[in-house]
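Please read them with the coordinates open.

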Amino acid sequence: MAAESKSKSKSNIVTIGSWSMKNKSQWLPRKLVSENGLERNCNMKLDDEKGRSYVVEARFYNSSLYISKGWNDFLTKNHLKLKDCLKFELIKNGQIPHLRVTKVQKKNDHKELMIKSKSKSKSNIVSPAYMVTIGSWSLKRKSQWLPRKLVSENGLEKNCNMKLVDEKERSYLVEARFYPKKSSLYISKGWNDFLTKNHLKLKDCLKFQLIENGQIPHLRVTKVQKKNDHKERMISK
């Protein structure tokens with residue numbers, strides 16, 4: 001077993017090309033490979049900017065190393081496209097080398113980020129919230145589709161367990177399933193328990209807010225009060 005070691009190697013830059021997109025693979029910089037003794041077939045772990053880890057297969061060929069199986073998943077969840085520029089940095093070497101991969105911002109990207117940040121500050125959004133109305137399908141199937149924007153903006157395109165936190169700070173573990181054809185995620189097992197204990201019914205409006213991302217994402221789910229609900233409370237008083 002190879003001894004593991006921390007590495008402070010210099011970052012190596014790669015631009016995503018058409019070959020990479022077509023073959024769902026990516027050649028690593030030769031300097032990164034040669035300077036760190038990576039001339040071999042092995043598994044690797046890639047960390048993205050959000051701290052998520054991906055295990056990929058690496059194959060050594062013609063004095064070069066390319067990553068294949070698992071690379072497309074990394075591209076998809078990080079919304080990477082043709083001509084995006086990536087920085088590869090070895091953070092730990094050993095039997096399973098560990099790389100940090102981050103997108104290098106270009107001038108146009110920086111402008112877009114500035115525009116988005118200005119628009120957010122105008123609308124006083126501190127942390128995004130997404131609305132969902134409980135429909136008949138949800139009640140019948142004891143499941144609930146999550147807002148696509150919530151899923152795509154937070155890299156939740158995967159099957160996983162989730163933790164839902166209600167208004168009383170009670171936690172519920174639910175199963176989430178990703179449906180590729182719709183690019184959507186729905187929660188199933190555990191959802192009916194959440195509905196029942198929070199006395200939720202058809203046409204109730206819920207606010208979903210991501211409060212922690214990771215292996216088990218945490219969502220705060222609260223009921224949005226409608227005008228009629230307020231009137232009913234006043235009458236009951």
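1. Does Lys 83 count as buried or exposed? Lys 83 counts as exposed, at 59% relative accessibility; buried means under 20% relative accessible area, exposed over 50%, and partly exposed in between, with a 1.4 Å probe and protein chains only. Lys 83 is found in the loop between α3 and β7 (85–93), and it has a positive phi of about 75° although it is not a glycine.

2. On the basis of the note: this is a predicted model, in which local features need pLDDT of at least 70 and side-chain atom pairs count only at pLDDT 80 or more, while totals for chains, interfaces and linings use all residues. Residues are numbered from 1 along each chain as its sequence is written, and side-chain values use heavy atoms, with hydrogens and water left out.

3. On confidence: pLDDT is the predictor's confidence in each residue, from 0 to 100. The mean for the protein is 83, and 82% of its residues reach 70 or more. Strand β1 (residues 5–6) has the lowest confidence, at a mean of 47, and helix α7 (residues 191–197) the highest, at 95. Over residues 1–10 the pLDDT is below 50, yet this stretch has 20 contacts in the model beyond near neighbours in sequence; contact means heavy atoms within 4.5 Å. Residues 116–126 also have pLDDT below 50, with 1 contact beyond near neighbours in sequence. Where pLDDT is low, the predicted coordinates should not be read in detail.

4. On overall content: the secondary structure comes to 8 helices and 15 strands. Helices (H or I, at least four residues) and strands (E, at least two) are DSSP runs, numbered from the N terminus. Of the 237 residues in the protein, 38% are buried. Among contacts between residues at least 6 apart in sequence, 54% join residues at least 24 apart.

5. On the sheet: 7 strands form an open sheet of mixed pairing, in the order β9-β14-β15-β11-β12-β13-β10. β9 and β10 (144–145) stand at the edges, each with a single partner strand, so one side of each is left without a neighbour in the sheet. Two strands pair if DSSP finds at least two bridges between them.

6. On individual pairings: strand β9 (residues 130–133) runs antiparallel to strand β14 (residues 205–212), joined by 4 bridges. β14 is in turn joined to strand β15 (residues 218–224) by 7 bridges, also antiparallel, and Lys 207 has Thr 222 in β15 as its bridge partner. The hairpin of β14 and β15 has 5 residues between the strands, and there Gly 214 takes a positive phi near 150°. Strand β12 (residues 171–179) and strand β13 (residues 184–187) pair in the antiparallel sense over 4 bridges, with Ala 176 opposite Ile 187 in β13.

7. On Val 132: this residue is in strand β9, and its bridge partner in β14 is Leu 206. Val 132 is buried, with a relative accessible area of 9%. Leaving aside neighbours within four places in sequence, its contacts include Gln 144, Trp 145, Pro 147 and Phe 208. The C-alpha atoms of Val 132 and Val 224 are separated by 9.6 Å, the two residues being 92 apart along the chain.

8. On two buried serines: Ser 138, in helix α5 (residues 136–141), counts as buried at 3% relative accessibility. Not counting residues up to four places away in sequence, Ser 138 touches Ser 143, Gln 144 and Trp 191. Its C-alpha atom is separated from that of Trp 191, 53 residues away along the chain, by 9.2 Å. Ser 64 lies in strand β6 (residues 64–67) and is buried at 7% relative accessibility. With the sequence neighbours up to four places away again not counted, Ser 64 touches Trp 27, Arg 30 and Arg 59.

9. On His 199: the residue lies in the loop between α7 and β14. His 199 is not a glycine, although it has a positive phi of about 55°. With a relative accessible area of 68%, His 199 is exposed.
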